[in-house]
Amino acid sequence: MHKLQHAATEAPENVVLEMSEHMTTLAQAGDWEEIERLAIRLRSVFTNVPEGHRRGLVDALQHRLATVTQEARKAHKDVSRELGQLRRGQVAAKAYELR
């Protein structure tokens with residue numbers, strides 16, 4: 001059974017930690033759509049965490065989400081670089097056609 005399917009019987013703070021860990025894995029794999037869906041679910045589960053457990057949980061979440069953000073920035077740079085190369089190729093192709 002997948003971890004997140006099994007999570008319904010766990011304490012909400014443990015579910016949040018598992019979800020945030022899974023988001024890190026998804027970010028490293030570049031699955032941004034699934035991260036978006038998971039982030040929505042994570043917010044919902046987080047509201048079920050007892051007030052007294054939130055402070056420590058927030059610290060762990062900040063660390064994991066910083067990793068996700070770092071991966072997103074890296075992916076953005078990679079996509080920007082690829083788009084730049086495509087644009088240069090298109091400009092070169094058009095210039096060649098005009099000859």
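This is a predicted model: local features need pLDDT of at least 70, side-chain atom pairs count only at pLDDT 80 or more; totals for chains, interfaces and linings use all residues.

Me: What do E51 and R54 form, and how far apart are the closest N and O atoms?

Reply: A salt bridge, with the closest N and O atoms 3.1 Å apart.

Me: Is E51 buried or exposed?

Reply: Exposed: E51 has a relative accessibility of 61%, and the cut-off for that class is over 50%.

Me: How many salt bridges does a search of the whole structure find?

Reply: Three. Besides E51 with R54, there's D78 with R81 and R37 with E34.

Me: OK, D78 and R81. How far apart are the closest N and O atoms there?

Reply: They come to 2.9 Å. D78 and R81 belong to helix α4 and are three residues apart, so about one helical turn separates them.

Me: And how accessible are D78 and R81?

Reply: D78 is partly exposed at 27% relative accessibility. R81 is partly exposed too, at 48%.

Me: Which helix has R37 and E34?

Reply: Helix α3, residues 32-46. R37 and E34 are three residues apart there, so they're about one helical turn from each other. Their side chains meet at 3.0 Å, N to O, and R37 is partly exposed, with a relative accessible area of 45%.

Me: Switching to packing. At what angle do α2 and α3 pack, and how far apart are their axes?

Reply: Helix α2, residues 12-29, packs with α3 at about 165°, and the axes are 10 Å apart. Because of that angle, α2 is roughly antiparallel to α3; the cut-off for that label is over 145 degrees.

Me: Is the crossing left-handed or right-handed?

Reply: Left-handed, as α2 passes α3.

Me: Which residues make that contact?

Reply: From α2 you have P12, V15, V16, M19, S20, H22, M23, L26 and A27. On the α3 side the residues are W32, E34, I35, L38, A39, R41, L42, V45 and F46.

Me: How many of those are nonpolar, polar and charged?

Reply: The contact of α2 with α3 has 14 nonpolar residues, two polar and two charged. One of the α3 residues in the contact is E34, and E34 is also the salt-bridge partner of R37.

Terms used. Residues are numbered from 1 along each chain as its sequence is written. Side-chain values use heavy atoms; hydrogens and water are left out. A salt bridge is a side-chain nitrogen of Lys or Arg within 4 Å of a carboxyl oxygen of Asp or Glu. Helices (H or I, at least four residues) and strands (E, at least two) are DSSP runs, numbered from the N terminus. Buried means under 20% relative accessible area, exposed over 50%, partly exposed in between (1.4 Å probe, protein chains only). Axes are lines fitted to C-alpha atoms, for helices over the stretch in contact, and angles run from 0 to 180 degrees between N-to-C directions. Angles under 35 degrees count as roughly parallel, over 145 as roughly antiparallel, 65 to 115 as roughly perpendicular and the rest as oblique. A crossing is left-handed if the near helix is turned anticlockwise from the far one by less than a right angle, and right-handed if clockwise. Contact means heavy atoms within 4.5 Å. Ala, Val, Leu, Ile, Met, Phe, Trp, Tyr, Cys and Pro count as nonpolar, Asp, Glu, Lys and Arg as charged, and the others, Gly among them, as polar.
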